[in-house]
Amino acid sequence: MHHGVSAGPDQIPKRVPLGKSLRYFGDGHQISKRITLVDESGADRPRRFWRIPVMDGEFICEHDVGRTNAIGGGNFILLGRSHQSVTLACRAAIAAINPMPGVITPFPGGATRSGSKVGSRYPTLSASTNESFCPSLRHLPDSMLPQEATVAIEVVIDGIDANRIAAAMKAGMEAACHVDAAEPLVGITAGNYGGKLGRHHFHLRDMINLES
Amino acid sequence: MTRIELTARQTLTCRISAFDLRMNDWAGLPTIEIQKQLIHCCQQPIELGEWFDVASHDDAMNHLSVVWSADCGRIDHLGVGWRHGLLVVHGNVGHACGACMTGGRIEIDGNAGDQLGSAIGSRGTGINGGVLIVSGNAGNDAGQRMRRGELYVRGSAGDGMGSLMYAGTIGCGGNAGQRVGIGMRRGTIILPSPSSINPLSHGSTSRFTEPRLLTTPFQTILAHRRWTKNWIGDLIVSRRSVCRGDLTVGGQGEVWF
């Protein structure tokens with residue numbers, strides 16, 4: 001597991017504990033390794049790794065990793081007539097986004113079927129299913145699913161800054177539109193959350209008009 | 001940062017102990033002060049300047065560098081307690097080189113004597129951090145009581161390599177003598193072959209388990225670092241088996257081969 005930030009605690013004091021907590025899963029069989037690596041400034045820096053035995057070999061992670069401020073939750077939702085067509089479009093979008101620096105698609109496979117909205121009718125939950133795009137809840141008055149769409153899958157993008165997220169969204173949407181599938185997508189939209197979630201708003205029409 | 005170069009004026013004829021040299025404190029010292037540092041020759045204190053020419057200048061590196069261009073095979077305790085920066089010896093070194101070091105890197109372009117990076121005197125811990133690399137052979141008890149850090153010997157090593165080690169990593173590219181890893185608690189010893197530990201020859205009384213398939217992605221992390229020399233990388237990535245031990249002390253150390 002690599003975090004991409006090689007600076008140590010003296011340069012990035014904000015840390016996220018990884019192996020620091022996960023090591024206990026090794027139940028005494030875990031192995032600590034503190035080895036010297038060269039950081040971005042060219043200086044030797046000791047970094048601590050944990051090797052935890054698991055059922056297919058070893059899980060390896062760093063003791064802790066540096067944390068930096070970034071933007072989370074850039075997204076677009078692909079709408080289609082079948083799972084196959086939307087899945088193909090999703091894979092093309094993720095493949096276009098993956099090589100781009102400074103952005104990640106944090107969900108497994110890069111996309112999620114369980115898109116969420118802010119809040120819930122249950123007070124203890126801060127997020128719940130986004131019923132506006134659930135095919136089984138099409139009868140609700142606030143459904144936003146087009147008539148011909150039966151599947152919606154959301155691609156979520158986190159990034160270092162707004163420009164990189166915008167560029168990744170544009171690349172992802174273009175790749176999704178140009179995928180060679182039997183059925184084309186019905187549409188592309190995004191979770192809006194009433195425009196109240198976060199400081200950064202990514203308007204899809206602006207994204208598409210971005211200069212490459 | 002400062003780069004300090006020491007060149008021998010003549011071939012050393014008696015054994016010298018560099019135990020009192022604190023080379024990590026030389027950064028910023030004028031050359032004349034470095035020449036006045038005391039070493040012990042035949043148990044008599046003499047000034048370093050009597051045997052060595054010392055030159056000091058600033059370089060582009062961001063760490064202290066001390067370079068000995070001499071056959072230091074008669075100098076013991078070189079780099080004892082080394083904490084940071086780079087110590088290079090273009091030649092052999094005597095006994096107890098890098099003993100009790102806690103950081104930085106020591107590179108020896110030659111052979112090393114006994115107790116390479118081991119615990120000396122009343123100290124209970126040998127290498128406690130940093131990297132010690134020997135391009136030639138090493139004597140007995142290399143890496144004894146090691147707790148942290150890395151020690152690599154390109155050639156052969158004597159008896160007792162990695163004995164009583166608590167943790168850390170030791171690599172040996174040639175033959176290792178007897179009692180390798182005896183009493184080791186944790187840590188990793190990397191060998192070309194298991195002959196030094198004989199995991200199968202003693203049956204149930206063996207100090208090490210039978211060899212198992214080595215499957216750890218940590219090999220790649222260990223082998224592919226910017227400073228890692230080619231022979232170290234090759235030594236690490238070509239290992240395919242692992243034994244665990246020393247079982248007689250309940251150790252969970254590992255020997256890769």
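## A three-stranded sheet in chain A

Let us start with an open sheet of three strands in chain A, whose order is β2-β3-β4 and whose pairing is antiparallel. β2 (31-38) and β4 (57-62) of chain A are the edge strands, each with a single partner, so one side of each has no neighbour in the sheet. From one strand to the next, the twist averages 35 degrees; such angles run from 0 to 180 degrees between N-to-C directions, with axes fitted as lines to C-alpha atoms. Strands here are DSSP runs of E with at least two residues, helices are runs of H or I with at least four, and both are numbered from the N terminus.

β2(A) and β3 (residues 44-54) of chain A run antiparallel and are joined by eight bridges. Two strands count as paired if DSSP finds at least two bridges between them. Within this pair, A:Ile35 stands opposite A:Arg47 of β3(A).

## About the model

This is a predicted model, in which local features need pLDDT of at least 70 and side-chain atom pairs count only at pLDDT 80 or more, while totals for chains, interfaces and linings use all residues. Residues are numbered from 1 along each chain as its sequence is written, and chains are lettered from A and ligands numbered from 1 in the order in which they are written.

The model scores ipTM 0.86 and pTM 0.80. For chain B, pLDDT (the predictor's confidence in each residue, from 0 to 100) averages 89, and 97% of the residues score at least 70.

## Chain A as a whole

Chain A contains four helices and 12 strands. Its C-alpha trace spans about 60 × 40 × 35 Å along the principal axes. Of its 212 residues, 26% are buried. A residue is buried if 20 or more other C-beta atoms, placed from the backbone, lie within 10 Å of its own, exposed if 12 or fewer do, and partly exposed in between.

Two residues are in contact if their C-beta atoms, placed from the backbone, lie within 7 Å. Among the contacts in chain A with a separation of 6 or more, 69% are between residues 24 or more positions apart.

## Where the chains meet

How many residues of chain B are in contact with chain A? There are 17, and they touch 16 residues of chain A. On the chain B side, β10 (128-134), β11 (148-153) and α2 (218-223) each supply at least two residues. That side has six nonpolar, six polar and five charged residues. Here Ala, Val, Leu, Ile, Met, Phe, Trp, Tyr, Cys and Pro count as nonpolar, Asp, Glu, Lys and Arg as charged, and the others, Gly among them, as polar.

## Nonpolar cores

A nonpolar core is a set of buried Ala, Val, Leu, Ile, Met, Phe, Trp, Tyr and Cys residues joined through C-beta atoms within 7 Å. The largest has 70 residues, of which B:Val93, B:Ile108, B:Cys172, B:Ile190 and B:Val255 touch the most other members. β10(B) gives this core its largest share, four residues. Another core, of 35 residues, lies apart from it and includes A:Leu79 and A:Met173.

Beyond its neighbours within four places in sequence, B:Val93 has contacts including B:Cys72, B:Leu78 and B:Ile108.

## Backbone details in loops

A:Asp27, in the loop between α1 (19-22) and β2 of chain A, has a positive phi of about 50 degrees although it is not a glycine. A:Asp27 is exposed, with 9 other C-beta atoms within 10 Å.

B:Asp246 is in the loop between β15 (241-245) and β16 (253-256) of chain B.
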